[in-house]
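Please look over the sequence and the structure below before reading on. The report is meant for a reader who has not seen them before.

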Amino acid sequence: MDRIQTAVSAGLLVSVVVIFWLNRRKGPQIPGPPAHPLVGHTFRVPKVKTWKYFEDLWHQYGSIVKVTLAGDDIVVLSDPADAEELLGRRSKIYSSRRPLVYAGKYLSNNMRLTLLPYGENLKRQRAAFHSMLQPRVIGGYEEVQYKTSLQLLVNLAKDPDNYYTHYPRFPASLIFILSFADQLAEDGKDLAAVQKVLMDFVTAANPGAHLVDTFPVLDWLPDIVSAWRKEAKKGHEETLDLYGRLARNVKARMEADPELECFTARLWEQKEKMNLTDEELYYISGSAYAAGTDTSSITLLWFVMAMALYPEAQKKAQAEVDSFFDAHTLPNFERMKDMPYVLALIKEVIRWSPIAPLSFPHYLDADDYYKGYFIKKGTTVISSLWNMHHTEEEYPDSYNFVPERFLSKERGPEDPADSISEGIYGFGFGRRRCPGQHLAAKSTWIVVVRTLWAFRIEPGKDANGNPVKLDVDDCTNGLTSRPHKFPCDFIPRSATHLETIMAGEGRS
Ligand code: HEM
C-alpha cells in the first residue's frame, strides 16, 4: 500500500512539475474569445466576411488576438508595428505557408510559389520572379500597358454595361502578353483554361476545402480509398500541360526571334543560372498570371465603386488629369510623377478596400516569444490589412474615402511605381511581400488615369431615374474580396474624348 501511495504521490508531483513547466514556458496566453474545450473556435469563426469578425475581436481584445481552429493556432495582428517586427524583422521564421496536402503537395507538386514553405526553393522562385518584375525591367512593358488599357476604354465606350467583365479582362490580357508574348486567343479558350487552373487552385487552397488538410493523417491511406489524391494529381497534370505548352511555345519562338521579350523568355535565358527545372519554370511563368490577374482586377473594381460613391474625389482627380492631357491626347506615363492627387487616390482605393482583407496567411517555422506571449511553431499568422487600414489614429474617418489623407506638402514628386505602398499595407509584409508591386502600380495607374480622362462614373439609375444606392459591404468572400456587380454608368466626358478613344482602337 505504501508503495502504491508513494508511486501515486510521485506521479502527481511529476504531473504538477510538468504542468508548471509547460505553463511557465508558455507564459501568458494571447488574448482571444473563450474557446470550446474540444473544438476551440472552429464553429465561432465565420467563413463569411471573416475580416469583420476579426475586426470585432480587435476592438474587444486588442491588436494581437489568438483563436484555435481544428487544433491549429491562428494569431491575428492588427497593428502594423507588430507585423513589421514579426513578419519583417523576424521573417526568417515567419515566412512559410501552412503545408497543404491537397493544394500544395498534389495539385501543385510542391512547385507553386504562393504556397511554397520558406527555404531554398522559395528563394530561387522569388529571385526568378524578381528578374521578371523588378523596377528596371518594368519600363519595357509600357507599350503593352498602353495597348491593353486603350482596349479597355474601347470596350467601355462600346459596351459600358459589361464593365464588370472589361476591367478583369485588362490584367488578364496584359499579364498574358507579358508572360508569353502572345495575345489571348479571341475564342477565349486560353483565358478559360488559365482561369480554370486558377479557380481550381484558389478553391482547393481555401481553408476547410479538403478534409485531408484538417486531418493530414488521411494522406497515409492508399490510393484505392483516396479518390481526392487522384483528382488533385490530375489537376497538376492539367496545369503542367497548359503552362508547359505556353512556355515551350515561347521557347520555340525564341529560336526564330532571339529578341523575343517576355517573362517566360527571361526565364528560359536564365534557367541554367537559376538552376530551374523545366517543371519549375512552367510553374513560375504561370504563377505571374495566377497571382497578378485577380489582385489587379479587384483593385480596379473597387476603384470604380469608389468613383461612383465619391464624386468629389473623382472631380478633383479629373481636374488633375485634365491639366496635362486635353481631349485629343490619351494620357501616358510621362506625367506620372506630376499627379499627386491621382497617386493619393490609388493608395486610398487600396487602403479603403484591400483586395485581401486578411492578406495571405504566413506560417511560423519555430517557437517564438513576443511581448511576453509564447507563439508556438506551426501557428498561422494573419496580418489583418483590414484592421490596419481602419486604425482611426492613423487614418481618421477611416470608413470614408478621403485621398487627401495621403497628400503631403513636404514630399517632392513621387513615382507611383516606387511609392504606391508607402503609408499603406496592401502589399503585405516581409519576405513574402508582393513581388508584383511595381507592375501593379503602373498598370493600375494607367487604367485609373485613362478611365478618369475618358468617362464620368456614376451610380446606375433605377426605373425612375434615381441613382441606385451602392453598398460597399456587398462583396465576395474568401481570401480575396471584390464588390459584387453593381449598377454603374460610364458617361463619355465629351464627343472628342470618344473620338480620340475610337481613333486609337487597335493601336496604343
Ligand atoms: C494591386 C494589385 C496587387 C495587390 C494589392 C497585391 C497584393 C498582394 C498581397 C497582399 C500579397 C501577400 C503578401 C504576403 O504574403 O505577405 C501578394 C503576394 C503575391 N503577389 Fe501580389 N498584389 C497585386 C498584384 C500582383 C501582380 C501584378 C503580381 C505579378 C504579376 C503579383 C504577384 C504576387 C505573388 C507571386 C505573390 C506571392 C508571394 C509569395 O508567396 O512569396 N501581385 N500580393
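## Two domains

The structure is a predicted model. Its domain assignment gives domain 1 (32-94 + 359-389) and domain 2 (95-356 + 390-423 + 426-504). Between the C-alpha centres of domain 1 and domain 2 there is a distance of 26 Å.

Where the domains meet, 23 residues of domain 1 are in contact with 22 residues of domain 2. On the side of domain 1 that touches domain 2, at least two residues each are supplied by α3, α4 (91-94), β3 (362-363), β6 (380-383) and α17 (385-388). Sorted by class, this side of domain 1 has 11 nonpolar, 8 polar and 4 charged residues.

## Helix α3

Helix α3 covers residues 80-89, and Pro80, Asp82, Ala83, Leu86 and Leu87 are buried in it. These residues lie on the same side of α3, because they cover an arc of only 150 degrees around the axis. Ala81 and Arg89 are on the other side of α3, where they are exposed.

In soluble globular proteins, nonpolar side chains tend to be buried together. In this model, the largest nonpolar core has 131 residues. Helix α14 gives the largest share of this core, 18 residues. The core also draws on both domains, with at least three residues from each of domain 1 and domain 2.

Which residues have the most contacts inside this core? They are Tyr102, Val304, Val342 and Ile346. For Tyr102, the contacts can be listed: leaving aside neighbours within four places in sequence, Tyr102 is in contact with Leu107, Ala204, His210, Val212, Asp213, Trp228 and Ala232.

## Around the ligand

There are 29 residues around the ligand, and those that come nearest are Ala291, Gly292, Gly428, Cys434 and Gly436. The elements giving two or more residues to this shell are α6 (120-133), α14 (278-309) and α19 (437-454).

Which element gives the largest share of the shell? That element is α14, with 7 residues. By class, the shell around the ligand divides into 15 nonpolar, 11 polar and 3 charged residues.

Key:
Residues are numbered from 1 along each chain as its sequence is written. This is a predicted model: local features need pLDDT of at least 70, side-chain atom pairs count only at pLDDT 80 or more; totals for chains, interfaces and linings use all residues. A residue is near a molecule or strand if its C-beta atom, placed from the backbone, lies within 6 Å of it. Helices (H or I, at least four residues) and strands (E, at least two) are DSSP runs, numbered from the N terminus. Ala, Val, Leu, Ile, Met, Phe, Trp, Tyr, Cys and Pro count as nonpolar, Asp, Glu, Lys and Arg as charged, and the others, Gly among them, as polar. A nonpolar core is a set of buried Ala, Val, Leu, Ile, Met, Phe, Trp, Tyr and Cys residues joined through C-beta atoms within 7 Å. A residue is buried if 20 or more other C-beta atoms lie within 10 Å of its own, exposed if 12 or fewer, and partly exposed in between; C-beta atoms are placed from the backbone. Domain bounds come from an automatic or database domain assignment. Two residues are in contact if their C-beta atoms, placed from the backbone, lie within 7 Å. The arc is that of the directions from the helix axis to the C-beta atoms.
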